[in-house]
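Student: I have a model open and want to learn how to read its features. Can we go through a few together?

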Amino acid sequence: INSIPDKLIQKLSSKMAPQITIKKDYILIEPKAGIGVREIQQGLARLYFIEGMPEQNRIWIFREGPQNLSKADLIRLKNMVRDYYPADASIRKTALVVPSEQQAAVAESFIKIAADLPQKFKVFTHLADAEAWVKE
């Protein structure tokens, strides 16, 4: 699992994959507009498998979409986090920043589904609030 074929890394770095920025206190993940579950899965894979990615708390900013993820999609994402999460990881928090009530409802549904994961998830509407929370 620790080594990924070059073809897969290239695929994970596709134009629809979320932009990942390593900040001092957290990792910022910014999916592109109009993304779906597949692009979120690409971002998760990049976080867990690309060598040198620090184990820091994360902030995902969903500026536009996904708005209509099914319960099955949310369960798949939760299972992916569970399967990829290293047993000795120090990642404790992941903030989900969303601009709309509809997106907040989807994010809250994911949090309920992911309640048994070893990290905490929380929904925010402002990046500054999410930054303060992941730094606590």
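Student: Which residues does Lys-23 touch, not counting residues up to four places away in sequence?

Tutor: First, the ground rules. This is a predicted model, where local features need pLDDT of at least 70, side-chain atom pairs count only at pLDDT 80 or more, and totals for chains, interfaces and linings use all residues. Residues are numbered from 1 along each chain as its sequence is written, and side-chain values use heavy atoms, with hydrogens and water left out. Contact means heavy atoms within 4.5 Å. With that exclusion, Lys-23 touches Leu-28 and Gln-56. The C-alpha atoms of Lys-23 and Gln-56 are separated by 9.1 Å, and the two residues are 33 residues apart along the chain.

Student: Where does Lys-23 sit?

Tutor: Helices (H or I, at least four residues) and strands (E, at least two) are DSSP runs, numbered from the N terminus. Lys-23 lies in the loop between β1 (19-22) and β2 (27-30).

Student: Is Lys-23 buried, partly exposed or exposed?

Tutor: Buried means under 20% relative accessible area, exposed over 50%, partly exposed in between (1.4 Å probe, protein chains only). Lys-23 counts as partly exposed because its relative accessibility is 36%.

Student: Which residues of α4 are buried?

Tutor: Gln-103, Ala-104, Val-106, Ala-107, Phe-110 and Ile-111. They cover an arc of only 160° around the axis, so they are on the same side of α4. The arc is that of the directions from the helix axis to the C-beta atoms. The face turned away from that buried side carries the exposed residues Glu-101 and Lys-112.

Student: What do the buried residues of α4 pack against?

Tutor: They pack against α3 (71-84), β4 (93-97) and β5 (120-124).

Student: How do I read the side chains of a strand?

Tutor: In a regular strand the side chains alternate between the two faces of the sheet. In β4, Lys-93, Ala-95 and Val-97 point one way, Thr-94 and Leu-96 the other way, and all are buried. Five of the five residues are buried, so β4 is largely enclosed by the rest of the structure.

Student: Which strands pair with β4?

Tutor: Two strands pair if DSSP finds at least two bridges between them. Strand β3 (residues 58-61) pairs with β4 in the parallel sense over four bridges. Ile-59 has Ala-95 as its bridge partner in β4. Five bridges join β4 to β5, and these strands run parallel. The chain crosses from β4 through α4 to β5, and this β-α-β crossover is right-handed. That term means that, with the strands pointing away from the viewer, the path from the first strand over the helix to the second runs clockwise.
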